[in-house]
Amino acid sequence: MIIQWYPGHMTKAKREMEQAIKLVDLVIEILDARAPEASRNPDIDKLAENKARLILLNKADMSDPSVTKMWVNYYQSLGIEAVPLDSRNRGSMKAVRAAVDRASEERRERNRRRGIMNRPVRAMVAGIPNVGKSTFINSFAGKASAKTGNKPGVTKGTQWIRLDKNVELLDTPGILWPKFEDNDTGEKLALIGSVSEEVINKEELAMRGLSILKERYPQVVSVRYKVDEGRDSASLLSDIAAARGCLQKGGEADTEKAAGVVLEEFRNGKICRLSLEKPPVL
Ligand code: G4P
């Protein structure tokens with residue numbers, strides 16, 4: 001399946017991102033814990049050169065916990081703080097706040113050496129669409145969402161949310177564009193719901209999702225849909241259609257509808273916690 005997607009507004013997003021990043025000390029990069037590399041735009045390394053960095057492996061409530069742990073270790077081995085997260089849960093924000101301090105320690109130390117004592121670290125959130133940027137900002141800023149307003153030297157319209165005396169957060173996230181280095185990446189992004197539906201052949205994608213599940217998480221498909229997962233993917237989709245009552249007028253299996261069901265359940269973590277990628281072996 002060929003997936004190509006680079007809407008025009010992403011060009012604008014890139015320009016905005018380049019401007020916004022100049023204003024901050026720390027870039028909080030949000031990835032989807034189920035596919036951290038596919039949901040990561042590698043251009044961020046260039047864009048955020050010389051900035052403090054923090055990676056949040058978001059939607060970790062839907063990823064395979066043991067694999068997520070491998071990713072945390074992997075990014076830490078590259079010298080980047082990484083924290084697994086369910087952004088909808090405000091209780092997890094304490095851990096993020098501590099990670100922000102760790103990630104920006106060097107920056108604060110440099111300020112101290114220069115005699116700059118009370119300058120808050122300025123941070124921004126960045127990530128490709130749908131990874132949970134807005135959800136995270138809402139949970140992280142919480143009651144602090146009252147903004148500090150414009151300040152001299154800051155682009156007009158830029159709003160900072162003061163989290164506490166040490167940290168200020170840019171109120172709008174930097175939108176990164178998904179980078180399709182190969183079809184595999186596009187497929188993973190489509191499976192986690194980061195590519196809009198129109199560009200996808202749903203049935204093909206659902207069959208791909210089912211075959212990944214069968215391979216990595218045996219019996220999960222059989223148990224969820226009460227079907228024999230030993231069948232080939234096309235037959236399996238027909239069986240799921242029958243099992244879920246997705247039928248056309250003449251009583252034939254409506255495999256497109258069944259594909260929609262499978263994809264929705266896959267994306268929302270209803271089938272099982274799963275990870276589509278493992279980090280390179282350290
Ligand atoms: P974005 O700004 O990066 O585009 O993403 P946004 O926050 O809009 O989140 C996209 C979807 O992902 C939302 O669901 C949101 O609730 C969900 N989400 C965000 N973080 C997490 C997480 O850590 N775990 C889980 N399980 N879901 C998360 P939605 O269905 O599009 O909207 P809604 O039904 O929640 O309103």
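Within what distance do the axes of α6 and α10 come, and at roughly what angle do they cross?

Mentor: The model is predicted, so local features need pLDDT of at least 70 and side-chain atom pairs count only at pLDDT 80 or more, whereas totals for chains, interfaces and linings use all residues. Residues are numbered from 1 along each chain as its sequence is written, and side-chain values use heavy atoms, with hydrogens and water left out.

The protein has ten helices and seven strands; these are DSSP runs numbered from the N terminus, helices being H or I of at least four residues and strands E of at least two. Of its 282 residues, 52% count as buried, that is, under 20% relative accessible area with a 1.4 Å probe and protein chains only (exposed is over 50%, partly exposed in between).

To your question: the axes of α6 and α10 come within 7 Å and cross at roughly 85°. Axes here are lines fitted to C-alpha atoms, for helices over the stretch in contact, and angles between N-to-C directions run from 0 to 180 degrees. The two helices are therefore roughly perpendicular to each other, the term for angles of 65 to 115 degrees (under 35 is roughly parallel, over 145 roughly antiparallel, the rest oblique). Ala190, Leu191 and Ile192 in α6 meet Leu263, Phe266 and Arg267 in α10, where contact means heavy atoms within 4.5 Å.

In general, an α-helix has 3.6 residues a turn, so residues three or four places apart point the same way.

At 1.5 Å a residue, its 15 residues (202–216) should span 21 Å, and the end C-alpha atoms are 21 Å apart, which agrees; the expected span is 1.5 Å times one less than the number of residues. At the start of α7, a side-chain oxygen of Asn201 reaches to within 3.1 Å of the backbone nitrogen of Glu203.

How values were computed: Polar contact = N/O pair within 3.5 Å; in protein donor to acceptor, adjacent residues only side chain to side chain.
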